Amino acid sequence: MKARTGWLGITLAVLGAMASVGTLWMVFFWVPTERTMGVVQRIFYIHVPSAWVAFLAFGIVAVASGVYLWLGDERADMAAQAAAEGGLLFTVIVLTTGPLWGKIAWGTYWTWEPRLTLTLILGFIYVGYMMVRSAAASPEQGKRFAAVVGIVGALFIPLIHMSVYWFRGLHPDPVILNPEGPTADWEIQATLYAGLLAFTLLFLGLMTLRYGVERARHVLELREAA
Amino acid sequence: MIRRTLASCLFGLALVALAGAWDGLAAQNANLGAQRLGRPYLFVFLAYAIGWGLILGWIVSIARRLRSLERRIDRD
């Protein structure tokens, strides 16, 4: 089981790494410079895939947490923990690359605009998810509390996506997932899709390897308890 | 075996990503026209460097934890 998980993780991560190299080539050599924003628009190709992966990760956390609360399956908790760590990392990338773009486009690193604020809160929720595990009276209690936090946190995902429509803010509207269909040039769309694929594969691979860490820890705990 | 493959992939990816970012940004100089040089380039470089730095850091962290746990399991 350990070897199978390891090779699956390695395979997905290597495919993701190869796709990432291809995406970097597209970003810096192939896609034309966007007319209005100029070269700083290239941050979009790391910012949007990171946001997608963060949402995917927190979706996995919610589903796995639900399964853990329902069935009490330890593997679901391990999967949730692995996904939460990756989701938090990609949220940090979103919250770092966004302000770098914002400084050039808006003239400020940060503004308490609805989408930015909600994304920051989402990041804090998953920091809380990590902390709750260690702060609880017992590991089992920590896992249950964390599962509840994971499910509640995922409710922010549709809220963040819809915030640009519901609230008046500075954040640009989606250029792909909008009601009128994609509005960006095809080269921009192709580069973005390549980035989405690359980061998705990379995340799934690394999450699988991270799950392997939890499996190994679980085996060790069982041995020590025996 | 898994650790060695992971380390090789990590190293290769880091080299290609750095080379791609550096050469690519330089190559764009020719096509920029009205684009001002300086800050936008620096910010694009910073965004990719921070993003990939964090991802590579996560890879290293996973590999180290996995290696440490596997050692303990093998020892026991």
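Author: Chain A has a mean pLDDT of 89, and 92% of its residues reach 70 or more. Chain B has a mean pLDDT of 73, with 51% of its residues at 70 or more. The model scores ipTM 0.90 and pTM 0.84.

This is a predicted model: local features need pLDDT of at least 70, side-chain atom pairs count only at pLDDT 80 or more, and totals for chains, interfaces and linings use all residues. Residues are numbered from 1 along each chain as its sequence is written, and chains are lettered from A and ligands numbered from 1 in the order in which they are written.

Chain B has 2 helices and 0 strands. (Helices, H or I with at least four residues, and strands, E with at least two, are DSSP runs numbered from the N terminus.) H2(B) has 37 residues and should span 54 Å at 1.5 Å a residue; its end C-alpha atoms lie 53 Å apart, which agrees. (The expected span is 1.5 Å times one less than the number of residues.)

Of the 76 residues of chain B, 21% are buried. (Buried means 20 or more other C-beta atoms within 10 Å of a residue's own, exposed 12 or fewer, partly exposed in between; C-beta atoms are placed from the backbone.) The buried residues of H2(B) include Tyr41(B), Val44(B), Ala47(B), Tyr48(B), Gly51(B), Ile55(B), Ile59(B), Ile62(B) and Leu66(B). An α-helix has 3.6 residues a turn, so residues three or four places apart point the same way.

The partner is H3(A). The axes of H3(A) and H2(B) are 9 Å apart, at an angle of about 175°. (Axes are lines fitted to C-alpha atoms, for helices over the stretch in contact; angles run from 0 to 180 degrees between N-to-C directions.) That makes H3(A) roughly antiparallel to H2(B). (Over 145 degrees counts as roughly antiparallel, under 35 as roughly parallel, 65 to 115 as roughly perpendicular, the rest as oblique.) On H3(A), the contact residues include Leu89(A), Val92(A), Ile93(A) and Thr96(A). On H2(B), they include Phe43(B), Leu46(B), Ile50(B), Leu54(B) and Trp58(B). (Contact means C-beta atoms, placed from the backbone, within 7 Å.)

A loop residue joins in. Ile43(A) lies between H1 and H2 of chain A. Ile43(A) is buried, with 26 other C-beta atoms within 10 Å. Its contacts, beyond four places in sequence, are Thr97(A), Leu100(A), Trp101(A), Val44(B) and Ala47(B).

Now the core. The largest nonpolar core has 76 residues, and Ala57(A), Val61(A), Ala79(A), Ala80(A), Ala83(A), Phe203(A) and Leu206(A) touch the most other members. (A nonpolar core is a set of buried Ala, Val, Leu, Ile, Met, Phe, Trp, Tyr and Cys residues joined through C-beta atoms within 7 Å.) H2(B) is one of the helices that each supply at least two residues of this core. The largest share, 16 residues, comes from H2(A). Ala57(A) touches Ala83(A), Ala84(A), Gly86(A), Gly87(A), Phe90(A) and Phe203(A), not counting residues up to four places away in sequence. Ile43(A) and Ala83(A) are 40 residues apart in sequence and 24 Å apart in space, C-alpha to C-alpha.

Definitions and conventions:
Two residues are in contact if their C-beta atoms, placed from the backbone, lie within 7 Å. pLDDT is the predictor's confidence in each residue, from 0 to 100.
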